[in-house]
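Please look over the structure below, with attention to its pockets and to a few of its side chains.

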Amino acid sequence: MAASPLRLAVRQFSSSSVRTGQLVKPPVQLFGLEGRYATALYSAASKQKQLDTVEKELVTVGTLLKDPQLSAIVTNPHVKRAVKQKSVGGALQRAGVSKLTTNFVNLLAENGRLLKARGVLEAFGQLMSAHRGEVACRITTAQALDAATLAELKTVLTGFLKQGEVLKLQTKIDPSLMGGMLVNIADKFVDLSVKAKVQKLARLLRETA
């Protein structure tokens, strides 16, 4: 039986001899098993113009795999792969997901990779975020920011983006910072917290003692 395009994509990404042009180039390069599977799915979905559909359906897949009854089957090492595949396949069929998504999850089951599904789904989310030109930014503060300050921060951070990029801002509260903020944007990190300043002062005092 001839291998499906999706199965071939996974094989190609698992091999060191991938030929240029066989697969759709992802917006960012991901590594590890989860990255290879997610990239293979991205390539297949892109070719079939189903990226948005697959992204939405993977949310459903994630919800299904969290179901206690199905999770008990998937995580049980004593349950045969065929049984896991049948159980997951049935759940996907009832949920009405597309053939592409169903085949992909079935492939994970067949290869004994269902326990890696969460990581694969997260990796695919990273690819889709990059596909949309989103730049992740997390701001951590001791207290919630007021609307005016948050708007000003968005304006400043947006100024650092390249053309076509979109700021994807997430805020987090950590009282231990005491004040100020931590800024994580793309691969950059800036510590402007009071806690960091106090720790720096403490080090200086120890060095001069």
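## Largest pocket

In this predicted model, at least two lining residues of the largest pocket come from each of α7 (117-131), β1 (134-141), α8 (147-158), β3 (181-185) and β4, where helices (H or I, at least four residues) and strands (E, at least two) are DSSP runs numbered from the N terminus. The space in this pocket is about 620 Å³, and among its 23 lining residues V135, A136, I185, A186 and D187 are the closest to its centre. A pocket here is an open set of points on a 1 Å grid over the protein atoms alone, where a 1.4 Å probe fits, with protein on both sides within 12 Å along at least five of seven lines, and lining residues have an atom within 4 Å of a point.

Local features need pLDDT of at least 70 and side-chain atom pairs pLDDT 80 or more, whereas totals for chains, interfaces and linings use all residues. Residues are numbered from 1 along each chain as its sequence is written, and side-chain values use heavy atoms, without hydrogens and water.

S193 sits in the loop between β4 (188-191) and α9 (194-208), and it counts as buried at 1% relative accessibility, buried meaning under 20% relative accessible area with a 1.4 Å probe and protein chains only. Beyond its neighbours within four places in sequence, S193 is in contact (heavy atoms within 4.5 Å) with L177, G179, G180, M181 and L182.

## Second largest pocket

The second largest pocket, with a volume of about 330 Å³, has 13 lining residues, and G62, L65, K66, A117 and R118 lie nearest its centre. Its largest share of lining residues, four, is supplied by α7.

Methods: Buried < 20%, exposed > 50% of the residue type's maximum accessible area, 1.4 Å probe, protein only. Points joined across faces, edges and corners; volume = space filled by probe spheres on them.
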